[in-house]
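Hi,

Here is the structure I promised to pass along.

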Amino acid sequence: MMQKSQITPMISVIMAAFNGEKYISEAIDSILCQTYSKLEFIIIDDCSNDQTPRIISIYASKDKRIRIIANNNNVGSYKSANLGLSIAKGKYIARMDADDISRPARFAKQVEFLEKHQAIGILGTAYDVIDEKGKVINKLRQPVKDEGIRWQTLFHNSFCHPTIMVRKSVLDQNNIQYGGMRFAQDYKFTSQILKYSKGANLPEFLVQWRKSKTQISFSKREEQQRDATQISEENIAFMMGREFLSIAEVEKLRNLYCYRLSMKEDELPLLLKWMDIFHAYLSKNEFRYNEAAIKPVAGSLVRVICSLTMRKYPFKKIKKIISRCIEINPSETFKQMIKYSLRIGY
């Protein structure tokens with residue numbers, strides 16, 4: 001069943017819902033109360049067997065911006081989102097989950113930014129992490145500029161998915177939709193968009209993302225991380241123009257990027273490959289070392305590599321690695337050498 005909308009929207013908001021009766025009213029209210037109101041709200045009920053369909057219907061009877069798709073079978077959130085994409089009329093696509101909350105100014109700020117920055121095809125925001133009772137337990141930011149987003153996307157998703165707003169033209173012109181992975185399709189989706197357009201994240205906290213034990217990121221964490229590692233391997237191979245790392249090497253780099261794990265001596269050559277990836281990232285995207293947005297990326301990479309090597313190995317073991325670090329960011333490398341009291345000698 002589908003209800004027809006009478007508006008011509010600037011934004012199509014897509015939300016898939018399955019047995020979301022506990023939080024869906026908060027989620028819907030946060031969209032309907034946006035200060036930017038020129039939108040259609042596509043809600044896909046994925047064959048819920050709780051009160052979700054009734055709640056959605058009550059809202060739809062009061063606000064004509066809501067369009068309901070009722071799935072006959074439970075197909076999952078990503079296939080449901082694709083149904084929403086197939087009927088969306090808006091210039092921009094905004095994503096929303098049935099247990100999250102968008103702050104009132106979210107859409108106004110995102111539309112304003114996208115209208116001013118035509119090269120940006122995907123825009124996220126900073127977000128609060130809330131618990132099941134709605135209490136803020138963390139505040140998280142992703143990289144703000146395209147340069148940092150592209151670097152992080154090689155190893156991890158650079159967007160909190162319920163915060164994103166995407167140009168529909170980018171999706172349509174490049175035939176982008178959800179698919180290809182079972183548990184990390186949001187990472188796959190944003191990675192595909194970045195092949196054809198630039199990305200950005202607003203630094204303001206405009207979404208509250210609810211942390212729950214029922215989410216895939218908790219209930220299927222191992223499977224999700226496996227799929228994410230595969231996507232990371234594909235992203236690196238696409239940029240390098242060939243298969244470059246094994247899955248095991250990608251997994252190690254992903255962990256180094258996030259958790260700064262220790263390195264065994266026989267793993268040190270992987271750090272040289274990591275720097276090869278950085279040089280390819282600069283070349284592929286036509287970035288230069290002296291660009292202001294590149295300096296934090298280069299500095300962070302050098303700090304991680306230096307911390308993994310200088311605190312544990314003598315100079316003669318890591319001479320080549322340190323030389324490569326100097327090429328990337330000499331001032332940061334020398335600063336780290338002083339910090340770790342690295343003695344140059346044999």
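This is a predicted model: local features need pLDDT of at least 70, side-chain atom pairs count only at pLDDT 80 or more; totals for chains, interfaces and linings use all residues.

Let's start with a helix pair: the axes of H11 (269-285) and H12 (294-309) come within 11 Å and cross at roughly 175°. Axes here are lines fitted to C-alpha atoms, for helices over the stretch in contact, with angles running from 0 to 180 degrees between N-to-C directions. On the H11 side the contact (heavy atoms within 4.5 Å) is made by Leu271, Trp274, Met275, Phe278, Tyr281 and Leu282. H12 brings Ile294, Val297, Ala298, Leu301, Val304, Ile305, Leu308 and Thr309. By class, that contact of H11 with H12 has 13 nonpolar, 1 polar and no charged residues. For the classes, Ala, Val, Leu, Ile, Met, Phe, Trp, Tyr, Cys and Pro count as nonpolar, Asp, Glu, Lys and Arg as charged, and the others, Gly among them, as polar.

Residues are numbered from 1 along each chain as its sequence is written, and side-chain values use heavy atoms, with hydrogens and water left out. Helices (H or I, at least four residues) and strands (E, at least two) are DSSP runs, numbered from the N terminus.

In the loop between H11 and H12 sits Glu286, which has a positive phi of about 60° although it is not a glycine. At 65% relative accessibility, Glu286 counts as exposed (over 50%; buried means under 20%, partly exposed in between, with a 1.4 Å probe and protein chains only).

Next, H10 (residues 247-259). Its 13 residues should span 18 Å at 1.5 Å a residue, and the end C-alpha atoms are 18 Å apart, which agrees; the expected span is 1.5 Å times one less than the number of residues. Val250, Lys252, Leu253, Arg254, Leu256 and Tyr257 are the buried residues of H10. Those buried residues pack against H5 (146-153), H9 (221-240), H11 and H12. After H10 comes Arg260, with a positive phi near 55°.

Now the strands. In S6 (residues 120-130), 11 of 11 residues are buried. S6 pairs (at least two DSSP bridges) with S9 (residues 198-210) in the parallel sense over 10 bridges, and Asp128 has Gln208 as its bridge partner there. With S8 (residues 165-167), S6 pairs in the antiparallel sense over 2 bridges, where Leu123 is partnered by Met165. S7 (residues 136-140) also runs antiparallel to S6, joined by 4 bridges. Ile130 stands opposite Val136 in S7, and in the hairpin, with 5 residues between the strands, Gly134 takes a positive phi near 90°.

What about S2 (residues 39-45): how many of its residues are buried? The count is 7 of 7. Leu39, Phe41, Ile43 and Asp45 point one way from S2, and Glu40, Ile42 and Ile44 the other way. S1 (residues 11-17) pairs with S2 in the parallel sense over 7 bridges, with Ala17 opposite Asp45. Cys47, in the loop between S2 and H2 (52-62), has a positive phi near 60° and counts as partly exposed at 31% relative accessibility.

Cheers
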